[in-house]
Amino acid sequence: TDLNAMIQDVVRFIDRAAHLHDTAIEIDLDPELPRVWVDEDQVKQVVMNMLVNAQHATERGGSIVVRSRRCPAPAGPDPGAKPVEMVEIAIIDTGCGIPEQDLQRIFDPFFTTKGVGKGTGLGLSVSHGIVTADGGTIKVESTVGKGSAFRVYLPIAPSPHAQPTATVGGDE
């Protein structure tokens with residue numbers, strides 16, 4: 001998958017809503033980013049979930065930066081894991097931030113800080129599952145009142161632990 005092209009597609013999809021909310025979206029994509037062995041539609045869902053959350057957290061006049069880059073050194077999804085070549089997709093907003101006590105729960109199914117009818121609490125949980133199944137990880141940094149940075153790390157090569165995705169209508 002060409003992550004840069006996929007990111008641009010997702011940003012185009014939410015750009016109008018962000019513009020109406022007076023939220024600037026800056027795209028900073030590494031032109032040398034290698035193609036990554038992931039399911040494009042699933043990773044598109046991850047980026048969409050995070051961009052929508054960033055937009056909801058950002059007040060009028062705020063900004064969101066979407067960045068891609070190759071990680072400078074191999075890393076593992078877990079401490080002690082064998083290092084692999086990774087790319088990073090970062091979504092950084094100037095929103096309200098996430099309180100420390102909520103950071104431990106944001107990937108839990110049905111956990112949301114949004115009001116009734118404004119969120120299901122499934123977006124980050126589903127995103128975490130997708131990224132983990134691809135052999136990657138998500139890291140979050142947040143400061144209340146300043147904003148949040150979600151960093152999605154995906155292996156460049158297929159992960160030996162990646163879960164195969166089902167295809168519909170394939171040859172049998």
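This is a tutorial dialogue on reading features of a predicted model.

User: Where do I begin, and how many helices and strands does the protein have?

Analyst: Begin with the inventory. The model is predicted, and the protein in it has four helices and five strands. Along the sequence these elements follow the pattern α-β-α-β-β-α-α-β-β. Of the 172 residues, 40% are buried. The accessible surface is about 10000 Å², and carbon and sulfur atoms account for 52% of that surface.

User: What share of the contacts between residues at least 6 apart in sequence join residues at least 24 apart?

Analyst: That share is 71%.

User: How do I read the packing of two helices?

Analyst: Two packed helices are described by the angle between their axes and the distance between the axes. Take α1 and α2, whose axes lie 10 Å apart at an angle of about 35°. Their crossing is right-handed. From α1 (residues 3–20), the contact uses L3, M6, D9, V10, V11, F13, I14, A17 and A18, and from α2 it uses E40, V43, K44, V47, M48, L51, V52 and Q55. Sorted by class, these residues are 13 nonpolar, one polar and three charged.

User: At what angle do α2 and α4 pack?

Analyst: Helix α2 (residues 40–57) and helix α4 (residues 123–133) make an angle of about 145°, and their axes are 9 Å apart. This crossing is left-handed. On the α2 side the residues are Q42, V43, Q45, V46, N49, M50 and N53; they meet G123, L124, V126, S127, I130 and V131 of α4. By class, this contact has seven nonpolar residues, six polar and no charged.

User: Which residues of α4 are buried?

Analyst: They are L124, S125, S127, I130 and V131. The buried residues of this helix pack against α2 and also against strands β4 (137–143) and β5 (147–155).

User: Is E88 buried or exposed?

Analyst: E88 lies in strand β3 (residues 86–93). E88 is buried because its relative accessible area is 2%, where the cut-off is under 20%.

User: What does the side chain of E88 make a polar contact with?

Analyst: The partner is the side chain of Y153, at 2.8 Å. Beyond neighbours within four places in sequence, E88 is in contact with R67, S68, R69, C71, R151, V152 and Y153.

User: How far apart in space are T137 and P155?

Analyst: Their C-alpha atoms are 9.3 Å apart, while in sequence they are separated by 18 residues. T137 belongs to strand β4 and is buried, with a relative accessible area of 17%.

Note on methods. Residues numbered from 1 in each chain as written. Predicted model: local features only at pLDDT ≥ 70, side-chain atom pairs only at ≥ 80, totals over all residues. Heavy atoms only, no water. Helix = DSSP H or I, 4+ residues; strand = E, 2+ residues; numbered from the N terminus. Buried < 20%, exposed > 50% of the residue type's maximum accessible area, 1.4 Å probe, protein only. Polar contact = N/O pair within 3.5 Å; in protein donor to acceptor, adjacent residues only side chain to side chain. Contact = heavy atoms within 4.5 Å. Axes fitted to C-alpha atoms, helices over the stretch in contact; angles between N-to-C directions. Left-handed = near helix turned anticlockwise from the far one by under 90°. Nonpolar A, V, L, I, M, F, W, Y, C, P; charged D, E, K, R; others polar. Areas by Shrake-Rupley, 256 points an atom, 1.4 Å probe, with all protein chains shown as cover.
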